[in-house]
Amino acid sequence: MLKVGVMVSGGGTNLQAILDAIDHGTITNAKVEVVISNNPGAYALERAKGHGIPGVCLSPKSFDTREAFNEALLAKVDEYDLDLIVLAGFLVTIPAAMIRKYRNKIINIHPSLIPSFCGVGYYGLKVHEAALARGVKLTGATVHFVDEGMDSGPILLQKAVEVLPGDTPKILQQRVMEQAEWKLLPQAIDLIANGKL
């Protein structure tokens, strides 16, 4: 059984997609052991609680230095003996020590077709604003392994989503979540859990 930790900063819609996929048997051989957030107000923590999963909040603001936060975050992750860490809208830079320790055991979902609209400054609605400003006809989502760069690790899965006339960043964001993110992330976890990646 693959022991999964999910790290989130906001509403947790990708977390919900994972939990639903486990409940419906779309993800097999995997269990979410913990949900970790940097934001005490993250609705994702409520989703975890509703599923009987420990929800932990570690905010960088509660620590004197970023180093102290990084050490505490790694120590908290280590407590759960995780096989896979899933970044599902976690808006905190992963410490280098964690990347080294969990090499090829951390995956991230990014709301574009990497290498487009990724890297520093591209997160949330900003990705969709940039896609619309550029006039692309296709966007989508990417699941990739996390390395020391920003959105630069090896790509696992990608799914394209059409940009439609009249799209606003919010409408496009919702379509990318529904058609790509909520499908790709559970698929990637299932492939890893069943030794197919």
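**Helix α2 and the overall fold**

On one side of helix α2, Lys 49 and Gly 50 are exposed (over 50% relative accessible area, 1.4 Å probe, protein chains only). The model is predicted, so local features need pLDDT of at least 70 and side-chain atom pairs count only at pLDDT 80 or more, while totals for chains, interfaces and linings use all residues. Residues are numbered from 1 along each chain as its sequence is written, and side-chain values use heavy atoms, without hydrogens and water.

Helix α2 comprises residues 43-50, of which Ala 44, Leu 45, Arg 47 and Ala 48 are buried (under 20% relative accessible area). These residues lie on the same side of α2 because they cover an arc of only 155° around the axis, taken from the directions from the helix axis to the C-beta atoms. The buried residues of α2 pack against β1 (2-8), α1 (13-23), β2 (30-37) and β3 (55-57), where contact means heavy atoms within 4.5 Å. Just after α2, Gly 52 has a positive phi of about 70°.

The chain contains six helices and seven strands, assigned as DSSP runs (helices H or I, at least four residues; strands E, at least two) and numbered from the N terminus. Their order along the sequence is β-α-β-α-β-α-β-α-β-α-β-β-α. Of the 197 residues, 48% are buried. Of the contacts between residues at least 6 apart in sequence, 64% join residues at least 24 apart. The C-alpha trace spans about 50 × 40 × 30 Å along its principal axes.
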